[in-house]
Amino acid sequence: MNKLTWRKLVNGVMLTLTGVCTVVTISVLFVILGCLLYFGAHSLNWNFFTKLPLPPGEEGGGLANAIVGSLQIVGFAALIGIPIGFLAGVYLSEYEDKYFASVVRYVADLLNGVPSIVVGILAWTLVVLPMHTQSGLAGSIALSVMLIPIVTRQTEQFLREVPLALREGALALGASKWKMIATVVVPAGSKGILTGMILGVARIAGESAPLLFTALNNQYWGGLREPTASLPVMIYKLATSPYEDWNRQAWAAGLVLITLVLVANIAARLVLARGVSVPRG
Amino acid sequence: MKTISLALMGLLVVATAPFAAAQKLNACGATFPDPIYKKWFSEYGKSHQGVQINYEANGSGGGVKGVTDGTVDFGASDMPMTDQELAAVKSGKMLHFPTVLGAVVPVYNLPGVTQELKFSSAVLADVFLGTISKWSDKRIAADNPGVKLPDEDIVVVHRTDGSGTTFVWTDFLSKVSPEWKSKVGAAKSVSWPKGLGGAQNAGVTGLVKQNPNSIGYVELLFAVQNKMGYGRVKNSAGVFVKADVATVTEAAAGAARNMPDDFRVSITNAPGKNAYPISSFTWLLIPSKFSDPAKAREVKAMLHWVLTDGQVYCATLSYAPLPLAVVTKEEKQIDAIQ
Amino acid sequence: MATIAAAVKVSKAPTQTGDIAARWVVTLFAVSLLALAVLLIYELVIGSAEARSKLGIWHFLFSTKWNPVTEDFGALPFVYGTVVTSVLALLISVPFGLGAAIFLSELAPAGISNALTFVIELLAAIPSVIYGLLAIFTLVPLMRLYVEPFLKHTLGFLPLFQGTVYGVGFLTAGLVLAIMTIPFIISVSRESLMAVPREQREAALALGATKWETTWQIVVPYAKLGILGSIFLGLARALGETMAVTMVIGNDPSIHASVLAPGYSIAAVIANEFSEAGGKIHPSALVELGLVLFCLTILINGFARLMIVATTSKGSRRP
């Protein structure tokens, strides 16, 4: 075999392999979805959505409190995290002061990379100990710490992309700086910003580690001032338990969670309607 | 914009509005009695105007830490608090209230072995030390004549979290094996020579269930509810005893007669021909002083119920009810709560 | 930005209250980010003070004991587990990730490339606990029944593949982490590859190189900083993963040479022990572990971003 044929062979093989890698990676997603559908779908019954958990060994309990608990915790985290992240992002994009802005940017990236369990430790010392109880609030604060850097960087990124011309136009018409930002720049970048917020919230909705010892768990309905059940924490407990009824509930909960997360992700990216890479900030 | 802000306000209200309940108590702690506590608090809530007692089973260590930090109203532990732990409690004095008697059993998963296994205490210690590493070991076979054991590595399973069940197990092993006592010791959290770790009784049961050729230690009910095999253990009288209500009650007989005033006692390796050697009381850790008098009232009422009406639920869940002498003594201690 | 600044200076009085208020507000929130980070570091340092003074930093970092009874704690088994599982994850995910990235940037038509990348990025959005759930019931039995016995049988002469087959352990955890880090590697590498100027490829092809040779010898090296950056990014993610790891690593705080053995990671031990670590030293030791993990991830994230920035700003300035 001459050199050329060999090179052509290598070419063919390697390029096919890259295709194989892609197929394998894509298929993993479908395997995950398939398993969740297969194992979880038939446990999604009325009980699951409406009943409270039952003592170990008794069948027929549900995860109603975990679903509501997750909504409460994530909702409040979004309430805190989105405004802070948004305004910090506006600062980075519109008001940057030489040195200070790059420090803030670096810090946002730093916070983004903090392992979620470490954020849990922070929330423990800041909220649980002073309040003398685990609570949904502590969980919310932990999650908002994770949300803020995501929203900040996304906001900054999309505000920067608003064309100079739009800004100059507003200023030329006599708008003050903050009016320019509020009425022209932000609406122009709103698609991307909204995407960032939705993606951020979807990301924290699935987090379990920061809630383990901050929101703890609850057999009943919780709230922001007391221990609260949440979907990701329940999945962890139910999956590692021996009871088959609980394992089935774990699958169902996993299906619910992944549906929420994926729907949010798909919706967000469709809103954006362009090939954006995995947010790095 | 207006609808959004209205929605946000509504969300805030929903998020912070406590769901209606007469009184809420938060407790956490041992997984050893978790099934019966959950049953009790559920039944108690039904018959007492919706009193909600939220019990989170995160291990005895969690219960002790919870009452020490003051993050819960009361705790639960299968290991009585040590003097050091009691001294660390900021709010004041803690009271121990035994609630039920239970057993820690060696639960195993041996595909193909249908007979019930017997374990002498030294064998158990050596399995968990790692000195006995295969199921086909001569010493296990000596305890189980006629049983065909596979020539497989023993997968040891233990707790990752601070566990009263661990304390009961290691307390027993420390009493029967000097090597265990010096190398590992007895506590809620120890440095295990080997094995996989699972969180809480449920986690250990789950790991044993999922891993063939494994052995772990769990509270009796977890093995029963999941239809898993658990072995007989040789007691100090030399008899291989199976854990059940009767054998556990016998193990507590001596302690029932001579219960110390603070109720802190260990009944592992108890004397008695049919005493199950790995039995234990489990305690509720109640502060002697509550800042909220309503809570104090609720806790006292709950304790009364637990010591009287609650005891009928024990047998179906494989726990042994408290000896009468102990109950009488505890009723007196309830008055010490303010 | 200069134009805007000039425009602002010319057209407005700098004392306009609305602007000043707005500036203060947004600056305040930006500062809050700084405050948050400072608070985090402060709490970690304070919380670990007890352990640092009682155990000493060197002893803590290099001791293999984790004994709550004698209150002697060492971080080495956890650092080892964290590093080993992350390295395993990268060993698996980098070849696959790079291969897929090459396919998506060089071979696939733009539309398909975007669509497939979108699907792959969905993998990054899946919560850790769901990966754990799946791993427990599908991957672990697979590993225990087929993969690990096979590895032990064929490669058992290496100490890497010896010992009891549990199903859970370093290898399984590494595999799960690989799946979790692959989307990051693909996404960032693909962008780095696409940023390579067309001229480079065309020059190579014009010289008679095959498509593979062009890609492997010209395009990939050109993008290597970005690719390296993506690897570090994936590594940083893998180091901090908690739930998926604790569900499949076996939770055994010891160091084993074999990847079939169970182990422990920093994040997993904090998750398992923090809520009931009693006394003063145990919780402090866990916070110190958190501090170690924090420092590790910051370092690696820092490297990653340096490299990614270096790549995307390179453009066609290369001689």
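## Where chains A and C meet

In this predicted model, 76 residues of chain A are in contact with 83 residues of chain C; two residues count as in contact if their C-beta atoms, placed from the backbone, lie within 7 Å. Which helix gives the largest share of chain A's side? That is α1 of chain A (residues 3–40), with 18 residues. Helices here are DSSP runs (H or I) of at least four residues, strands are runs (E) of at least two, and both are numbered from the N terminus.

By class, chain A's side of this meeting has 49 nonpolar, 17 polar and 10 charged residues. Here Ala, Val, Leu, Ile, Met, Phe, Trp, Tyr, Cys and Pro count as nonpolar, Asp, Glu, Lys and Arg as charged, and the others, Gly among them, as polar.

## Where chains B and C meet

Turning to chain B, 22 of its residues are in contact with 19 residues of chain C. On chain C's side, the elements giving two or more residues are β1 (66–67) and α13 (266–273). That side divides into seven nonpolar, eight polar and four charged residues.

## A look at chain C

Chain C has 14 helices and two strands, and its C-alpha trace spans about 70 × 65 × 35 Å along its principal axes. Of its 319 residues, 56% count as buried, meaning that 20 or more other C-beta atoms lie within 10 Å of the residue's own C-beta atom, again placed from the backbone.

## The largest nonpolar core

A nonpolar core is a set of buried Ala, Val, Leu, Ile, Met, Phe, Trp, Tyr and Cys residues joined through C-beta atoms within 7 Å. The largest one has 294 residues, and those with the most contacts inside it are A:I235, A:A253, C:V176 and C:V248.

What does A:I235 touch? Leaving out residues up to four places away in sequence, its partners are A:A250, A:A253, A:G254, A:L257, C:V129, C:I130 and C:L133.

## How confident is the model?

The predictor's confidence in each residue is its pLDDT, from 0 to 100. Chain A averages 88, and 97% of the residues score at least 70. Among its helices, α10 (residues 231–239) has the highest mean, 93, and α2 (residues 46–50) the lowest, 83.

Over residues 275–281 of chain A, pLDDT stays under 50. Where pLDDT is low, the predicted coordinates should not be read in detail.

## Reading the names and numbers

Residues are numbered from 1 along each chain as its sequence is written, while chains are lettered from A and ligands numbered from 1 in the order in which they are written. For this predicted model, local features need pLDDT of at least 70 and side-chain atom pairs count only at pLDDT 80 or more, while totals for chains, interfaces and linings use all residues.

Conventions:
Buried ≥ 20, exposed ≤ 12 C-beta atoms within 10 Å, placed from the backbone.
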